[in-house]
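Me: Could you walk me through this protein model, taking the sheet and the salt bridges in turn? Here it is.

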Amino acid sequence: MDDAARDRPRAFVLLGGLRVILRNWRYLTELEQRGIAPLVLTSEQWREETSRQMASGLRPGSLIAEAGFVTGTVGTEGGFTGGVVAQVMAWRERYDIVGVFAAGEMLVEQTGIVADLLGLPSPGLRATRVCRNKYLQRAYLSEWSPRTVVIPPGGREGAPYDTVRFPAVLKPSGRRESSGVRVVEDREQLLDLISGDGYAPAETLLVEEQVTGQEYSVEALIQGGRIVFESVTHKRTNEESTDFFVELGHTVPAPPSPDNERLLAANRAMVERLAFENGIVHTELRLTGDGRVVLMELAARTPGDGLLPLYHLATGRPVEPDILRIALGEPVSRTAPVRYARQVYLETAHGVLEDVKVRHPQATDVTWTANGEPWPEIEPGDPDGPAALRAVLALKRRGSRVGPLTESGDRVVTFLIDAPTVAELDRLEADVRASIEVSIAPAQP
């Protein structure tokens, strides 16, 4: 280290949406304990809320040492890159930047670029580029991918629609949280959707075979190209009752099954193909009736929803400190799950949200986390302890309109539970579902 770097305060850059960073607030508290300044780089849309959190004096938002804001459009490739590089170059004049990490989907590719620029651990340029782009995933990981027609910007008129088998799935390549992903039943419906205003002209679209079968995800920590922890998560979606693919439940780890090893083996092969170097990977897969493992999406950032709290409940150890250790180049080892943990999202009536109440014997207060408010501290129990309700969260503000679940942001209420066995977990889920009352008023025209 040169004298100039030694005189600058050490800092770590977290890139992504403010909501994700505050939901997984242990990134900030761990950096504080290490004496490393947390720098947050997020979208311009979060400027007001970030400033409010930093000035509030309340943890965790007040732990942010400095924030930068970038403009761009999700779904348009490279839209945030210039702003990210400019901000990091400015910060490195005043800070000794010792690590970077993509805490959310939006800035994954840019995180790979600045990590490479600064010579810091990251998934690598190939992994961060491909993981942020669905059509590149189909190209690089074709062995595990569904049949796909890629429609680039300007190519919607002459796309080879005759090769599409219906029903199919229409996906925008660069969005997140299941936004814009839906089933299409025939060519007429597909053309109507593509020619409408639901997909920007600059977006690349994918039309894929509809893959049926149970959905899973694999979460893995990778250091120096070697997997140091891996686990399978069982998932639920609303696809059986709608044309959409909104996630409604996660169970960590997935119940024991011979299929789990096949899913892990596929994930290992994909990690190797992408030359994934350092970080966490979240791979969404389906297992078809004929035993085929099919890739839905692969991400190089904090897994979404409450997966990190679920792993904390299941293993007894938070994951965020280990993610930071990898980003700082420190050795990491993880413990295997010793309990089962589950997050459940409730489907509700449509209208205007008035209130959420829970009348379960183990219930604590409902936590309202609508717009960047941090999630509560959720502590694990003993490995053999009884099944437990850990948290009930309202994801929208009172007075918000509630409609159909077409993407993740439409969800209203979720809860987290854990238990020593899957059977006890199932019983507790049923009890908690029956105990939660979501008050929805009719929406005015």
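Me: In this predicted model, which residue in E14 stands opposite Gly249?

Reply: Happy to start there! Strand E11 (residues 247–252) and strand E14 (residues 340–345) run antiparallel and are joined by four bridges. Across from Gly249, the residue in E14 is Val344.

Me: Which strands are the edge strands of the open sheet?

Reply: Let's read along the sheet. Nine strands form it with mixed pairing, in the order E13-E12-E9-E10-E11-E14-E19-E17-E16.

Me: At about what angle does H10 run to E12?

Reply: Helix H10 covers residues 259–273, and Glu261 lies in it. The helix lies across strand E9 (214–223), strand E10 (226–237), E12 and E13. Its direction relative to E12 is about 130 degrees.

Me: Is Glu261 buried, partly exposed or exposed?

Reply: The cut-offs to keep in mind are under 20% for buried and over 50% for exposed. Glu261 has a relative accessible area of 41%, so the label is partly exposed.

Me: Why does the salt bridge of Glu66 and Arg94 tie together separate parts of the sequence?

Reply: The two side chains meet with an N to O distance of 2.6 Å. Glu66 lies in strand E3 (residues 66–70), while Arg94 lies in helix H5 (residues 81–94), so the parts that the pair ties together are apart in sequence by 28 residues.

Me: How many residues apart are Glu208 and Arg138?

Reply: These side chains also form a salt bridge, at 2.6 Å from N to O. Glu208 sits in strand E8 (residues 205–209) and Arg138 in helix H8 (residues 134–140), so the pair links distant parts of the chain, with a separation of 70 residues.

Me: Is Glu209, the partner of Arg292 in a salt bridge, buried or exposed?

Reply: The closest N and O atoms of the two residues are 3.8 Å apart. Arg292 is partly exposed, at 36% relative accessible area. For Glu209 the value is 13%, and because buried means under 20%, Glu209 counts as buried.

Me: Which residues do salt bridges with shared partners join into one network?

Reply: A search of the whole structure finds 35 salt bridges. Through shared partners, one network joins Arg236, Arg342, Asp426, Glu429 and Arg433.

Key. Residues numbered from 1 in each chain as written. Predicted model: local features only at pLDDT ≥ 70, side-chain atom pairs only at ≥ 80, totals over all residues. Heavy atoms only, no water. Helix = DSSP H or I, 4+ residues; strand = E, 2+ residues; numbered from the N terminus. Buried < 20%, exposed > 50% of the residue type's maximum accessible area, 1.4 Å probe, protein only. Salt bridge = Lys/Arg side-chain N within 4 Å of Asp/Glu carboxyl O. Pairing = 2+ DSSP bridges. Contact = heavy atoms within 4.5 Å. Axes fitted to C-alpha atoms, helices over the stretch in contact; angles between N-to-C directions.
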